[in-house]
Amino acid sequence: MSTAAFDKMLAAAGFVAEDPQELKDISVLMYGGAGSAKTSLAATASKVPEMSPVLYLDFERGTLPLRDWGDLDNLTIVHLDTWAETNKFIYQVVRPAMQAGSFPYRTVVLDTVDALQELIVNESKATNPGNNYVPWTDAYDNVVTLVDAFRRVDGVNLIVTTHVDRMVNSVTGETQVGPAFKGNQSGKHMPSKFDFVVYMRSKEEKGRPVMGATFFMPGAITKRRTLSFPDLLVNPTMSQIWSLAHNTESSNTNTNKENA
């Protein structure tokens, strides 16, 4: 059968062959240890015209770096101390604005999602005493629903941060570095939700701190959906990441193939 004949069969059945998707809005999962510049890098989204203004949802009260790295005129910071409070904020503030087509932000940051999951687990345990299964299911289901809700809105970018974890690959038996989540299902499935998964690290070089954003490293869970990204960006900004994702980054990109 020729492709033309197959296309006719598709059309007759009500299906249409499509071109590959174009990357417009971006979703980024950044993970790393304390001091690896996750918050600092996320803050720089407020300085990118295509990504600002930014709604910054803080679950750790660790927003001090936003003063140094962000544009406060393009940042709205909301501290959320409980899952009930988070749920109320989403359903009474964010969702109505989105449904009305009046959501004013180009980027949403969740910092950090493992702290958010801890809030969910603690509250779920309080309402489900003696049940060791429901809290972990809630931690996965609620965060996935939240992530998907933001990812599906045209014109909104999503940045999620979490801490680093070390896990044993169930197939190879090797130890992997990956994003920290509550529960096995989160660790297995959450990275697939994002366009880019970045391992953040920092070190001191010649007496100065150096940040590294790794997009590919054996033994680490990383991801890049476009070929334009190097393995590693040194002292990156969200402007640089946005430009690389849309193939507009100049040839003098600050990259380094060595580990940061």
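1. Let's start with one term: a residue is called buried when under 20% of its relative area is accessible, exposed when that value is over 50%, and partly exposed in between. Please keep in mind that this is a predicted model. With the cut-off in hand, take D195: its relative accessibility is 8%, so D195 counts as buried.

2. Where does D195 sit? You will find D195 in the loop between α7 (184-189) and β8 (196-205). The side chain of D195 makes a polar contact of 2.7 Å with the side chain of R225. Leaving aside residues up to four places away in sequence, D195 touches L23, D25, I26, S27, K223, R224 and R225.

3. Now for the helices. Two packed helices are described by the angle between their axes and the distance between the axes. For helix α5 (residues 113-127) and helix α6 (residues 134-151), the angle is about 135 degrees and the axes are 8 Å apart.

4. Which residues of α5 and α6 meet? On the α5 side they are V113, L116, Q117, I120, V121, S124 and K125. Their partners in α6 are V134, P135, W136, D138, A139, Y140, N142, V143 and L146. Sorted by class, this contact of α5 with α6 has 11 nonpolar, three polar and two charged residues.

5. Helix α5 has another partner to look at, helix α4 (residues 83-99): the axes of α4 and α5 come within 8 Å and cross at roughly 110 degrees. Because angles from 65 to 115 degrees count as roughly perpendicular, α4 is roughly perpendicular to α5. From α4, the contact is made by W83, A84 and T86, and from α5 by L116, L119, I120 and E123. These residues divide into five nonpolar, one polar and one charged. Notice that L116 and I120 take part here and also in the contact with α6.

6. While you are in α4, find Y91, which lies in that helix. Is Y91 buried or partly exposed? Its relative accessibility is 42%, so Y91 counts as partly exposed. Y91 and D148 are 57 residues apart along the chain, and their C-alpha atoms are separated by 14 Å.

7. S52 and P53 are joined by a cis peptide bond, with omega about 5 degrees, and P53 belongs to the loop between α2 (38-43) and β2 (54-58). The bond from D111 to T112 is also cis, with omega near -5 degrees. T112 is placed in the loop between β4 (107-111) and α5.

8. Finally, check two backbone angles. What is the phi of A37? It is near 80 degrees, a positive value in a residue other than glycine. A37 is in the loop between β1 (27-32) and α2, and at 12% relative accessibility A37 counts as buried. N235 is not a glycine either, yet has a positive phi of about 50 degrees. The loop between β11 (232-234) and α8 (238-245) holds N235, which counts as partly exposed at 36% relative accessibility.

Technical notes. Residues numbered from 1 in each chain as written. Predicted model: local features only at pLDDT ≥ 70, side-chain atom pairs only at ≥ 80, totals over all residues. Heavy atoms only, no water. Axes fitted to C-alpha atoms, helices over the stretch in contact; angles between N-to-C directions. Helix = DSSP H or I, 4+ residues; strand = E, 2+ residues; numbered from the N terminus. Contact = heavy atoms within 4.5 Å. Nonpolar A, V, L, I, M, F, W, Y, C, P; charged D, E, K, R; others polar. Buried < 20%, exposed > 50% of the residue type's maximum accessible area, 1.4 Å probe, protein only. Polar contact = N/O pair within 3.5 Å; in protein donor to acceptor, adjacent residues only side chain to side chain. Parallel < 35°, antiparallel > 145°, perpendicular 65-115°, else oblique.
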